[in-house]
Amino acid sequence: MNLWQIAARNIWQSRSRYLAYIGSAAFSVMIYFLYTALKLHPGLQGGFRGAAYVAEGMKGTTVVIAIFTFLFLLYSNSAFVRSRMKEFGLLSLMGLSRGQLVGLILVESLMIGAVAMAAGLGLGLLFEKLFFMAISALLRLPEQIPFYAGPPVWLETIGLFGTFFVLVSLASLRSVLKQNIIDLVRAGRQPKSAPKFSRPLALLGLTLVLVGYAWASIPQPVVIILGVMPVTTMVSVGTFLLMKEGSIAFLSWLHKRERFFYRPAPFLNVSQLVYKMQDNYRVLSAVAVLVAVILSAVGTAMTLYVLTTSDVIRSHPHAIQIIRTGVSPEADRAQVEAVLQKHEVTGLTVSEQEARMVQYWEQPAVLLPYSFYAGVNRAAGQALPLEGPVEAILVVQVFFEGDPNTSDAITAGQLTVDDEVIPLQVRTDYSGRITNNAGQGARTVVVSDERFAAIMARTPAESRLHYLVWSGPTWRSRAMQAAADELRGNYGEDMTTLTTAVEAFHSAMSSMGMLLFIGLFISLVFFASTFSLLYFRLFTEIDEDRKYFRRLQQVGVSTPELKGLALRQAGVIFVVPFLAGLLHSTFAMQALGTLASRNVLLYGWAVAAGYLVLYVIGFALACKGYWRSLQAGLSAREV
């Protein structure tokens with residue numbers, strides 16, 4: 001039997017250990033292949049809408065995936081080798097030379113890498129069409145991005161990941177080469193010392209985490225921005241300390257609760273978990289931090305997506321708006337009505353209003369009458385009352401909902417019309433614009449109809465703005481999209497004369513949707529890798545667990561009780577880091593809410609709920625495989 005046959009047999013016999021590792025590596029290869037195909041796609045070199053930022057986004061994404069995947073492969077492969085030290089020692093005793101042992105390890109690593117790469121490339125090729133369809137839908141392209149899997153895509157993916165697998169294979173040899181045969185055989189047989197609790201380290205970890213949480217909860221955006229790096233560092237270090245010292249303290253406390261501890265299930269679980277947590281706290285801490293990063297990153301992307309599209313709607317209350325300066329828009333009205341009728345767009349009402357530009361506290365603003373303000377379609381809020389000739393309403397476009405939609409507070413204002421300064425008593429309306437954001441400034445000043453008529457009476461015709469707006473609930477329909485596209489072709493790229501809500505909405509959806517799409521796929525790579533780390537740790541200890549469970553079986557513990565014990569211990573290993581990561585991400589989303597002046601926790605929790613579903617499914621599959629592998633060795637004779 002040659003080395004290739006031995007390596008293949010070893011991999012097959014340990015397939016349960018390698019399953020998650022190969023799956024995560026293959027998933028990373030698939031994602032990298034898809035993003036590389038999009039990055040190198042000839043269509044992205046053209047001029048379609050969004051091509052520039054899509055190409056740049058793909059470049060950044062592939063770099064992030066490559067770096068994280070390499071670190072994951074490096075750690076996992078080294079851990080695999082360390083877990084098999086005894087096996088390598090026995091092979092050396094059977095006559096394998098050091099060179100043959102090195103060759104065997106390299107062959108196994110390269111075979112696993114080849115399987116993962118082949119699976120990843122195959123899945124990438126299989127799902128590329130669907131991937132391009134999703135990108136085309138996000139960018140709202142007139143035609144779907146055509147299928148592309150040219151030689152550069154294959155060469156880059158195979159070259160990068162082939163290099164990764166070779167490098168991690170070579171790196172994993174160090175721990176074997178520096179050990180002699182006796183050390184290899186004795187690996188894993190050294191007795192474990194009882195875990196020791198350090199009160200100062202536990203207090204330090206708790207303090208770091210609490211200070212980080214308190215800093216993230218300060219309702220001041222400047223403080224939040226300054227604390228991004230310090231808080232991340234403090235919480236990460238605190239998590240590492242608490243995962244070790246806190247687990248020992250908590251389990252020791254349970255050990256001292258006689259009524260709880262001296263029962264069959266707690267007696268068996270607590271005693272074993274003390275050692276499991278001591279062996280795994282580094283991995284659990286890393287997974288907790290990574291889960292926090294994943295949930296926070298995707299929660300942030302989802303928040304930006306939802307809030308940006310919501311703000312676009314608030315800043316474009318009208319389906320179509322046309323502004324003309326100094327001339328009547330009657331010809332525009334006839335043209336728009338013809339296009340709407342052509343595309344069978346119904347449900348829109350049209351309004352026409354004159355306005356003019358003024359200065360409000362030396363800032364440009366649009367002057368409009370109260371009748372238009374009170375009767376126009378609005379995204380949110382109600383019209384404020386206007387009492388007395390000296391009162392006015394300042395309508396501002398805000399990108400937060402922390403303030404109330406309307407404000408009854410009256411403040412002093414100053415309106416400058418030509419050279420005349422007019423003092424006002426002003427109420428501020430925060431509920432969104434009453435005209436589309438078309439470059440005239442973010443402020444609108446509303447005065448009484450009488451004052452407005454007096455001002456407009458002395459306004460020359462060439463200085464008058466003529467607003468023509470169509471409003472209604474059908475602004476997001478497909479027919480409206482087609483009509484807007486035709487109107488844009490008629491009016492060109494002048495975004496001042498013609499604005500449509502559907503264009504602004506889909507433009508925001510394209511950019512923010514792409515951000516969410518990229519963040520989601522990167523997070524899935526992270527998530528698959530972190531889950532694989534836990535799965536691997538579970539199977540790394542399976543030989544010790546078999547011995548322990550076999551002894552329990554010998555003293556009369558039944559098979560159902562053994563299964564419950566195994567699943568509870570595995571549950572702790574999986575659940576604790578997820579809960580810690582969820583808690584960290586909750587405070588991170590709280591800080592994001594401070595920056596956005598909105599309550600965004602629901603978006604973060606919605607993302608966490610989605611990932612929890614994946615986590616539970618993966619945990620169920622992992623436990624099923626773990627118990628099956630564990631049960632298969634319970635009747636075997638202890639070595």
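Reader: Is S169 buried or exposed?
Author: This is a predicted model, and its values are computed. S169 sits in helix α6, which covers residues 151-171. Its relative accessible area is 1%. Buried means under 20%, so S169 is buried.

Reader: Which residues does S169 touch, leaving aside those up to four places away in sequence?
Author: A contact here needs heavy atoms within 4.5 Å. With residues up to four places away in sequence set aside, the partners of S169 are N77, L106, S109 and L110.

Reader: How many cavities of 30 Å³ or more are there, and what volume does the largest cavity have?
Author: The count of cavities of 30 Å³ or more comes to one. The largest cavity has a volume of about 80 Å³.

Reader: Which element gives the most to the lining of the largest cavity?
Author: The lining includes Y18, N77, S109 and I112. Two elements give two or more residues to it: α3 (51-83) and α5. With four residues, the element that gives the most is α5.

Reader: Which residues make the nonpolar surface patch of about 470 Å²?
Author: One of its members, L123, is found in helix α5, residues 98-139. L123 has 34% relative accessibility. Patch residues need over 30% relative accessible area. The patch is made by L123, L126, F127, L130 and M133.

Reader: Why does L123 count as partly exposed?
Author: Buried means under 20% and exposed means over 50%, with partly exposed in between. L123 counts as partly exposed because its relative accessibility is 34%.

Reader: How many salt bridges does a search of the whole structure find?
Author: A salt bridge needs a side-chain nitrogen of Lys or Arg within 4 Å of a carboxyl oxygen of Asp or Glu. R324 and D332 form one, with their closest N and O atoms 2.9 Å apart. Searching the whole structure gives a total of 10.

Reader: In the salt bridge of R324 with D332, which residue is buried?
Author: R324 has 26% relative accessibility, so R324 counts as partly exposed. D332 has a relative accessible area of 7%. The buried residue is D332.

Reader: How many residues apart in sequence are the parts that K342 and E486 tie together?
Author: K342 and E486 form a salt bridge, with the closest N and O atoms 3.3 Å apart. K342 lies in helix α14 (residues 330-342) and E486 in helix α17 (residues 478-491), so the pair ties together parts whose separation in sequence is 144 residues.

Reader: Which strands hold E391 and R427?
Author: The side chains of E391 and R427 meet in a salt bridge, at 2.8 Å from N to O. E391 is buried, with a relative accessible area of 11%. R427 counts as buried at 10% relative accessibility. E391 lies in β4 (residues 391-396), and R427 lies in β6 (residues 420-429).

Reader: How many helices and strands are there in the protein?
Author: The protein has 639 residues, and buried residues make up 49% of them. Its elements number 21 helices and nine strands.

Conventions. Residues numbered from 1 in each chain as written. Predicted model: local features only at pLDDT ≥ 70, side-chain atom pairs only at ≥ 80, totals over all residues. Heavy atoms only, no water. Patch = residues over 30% accessible without salt bridge, like charges linked within 9 Å, V, L, I, M, F, W, Y side chains within 5 Å. Areas by Shrake-Rupley, 256 points an atom, 1.4 Å probe, with all protein chains shown as cover. Buried < 20%, exposed > 50% of the residue type's maximum accessible area, 1.4 Å probe, protein only. 1 Å grid on protein atoms, 1.4 Å probe; cavity = no way out; pocket = protein on both sides within 12 Å on 5 of 7 lines; lining within 4 Å. Points joined across faces, edges and corners; volume = space filled by probe spheres on them.
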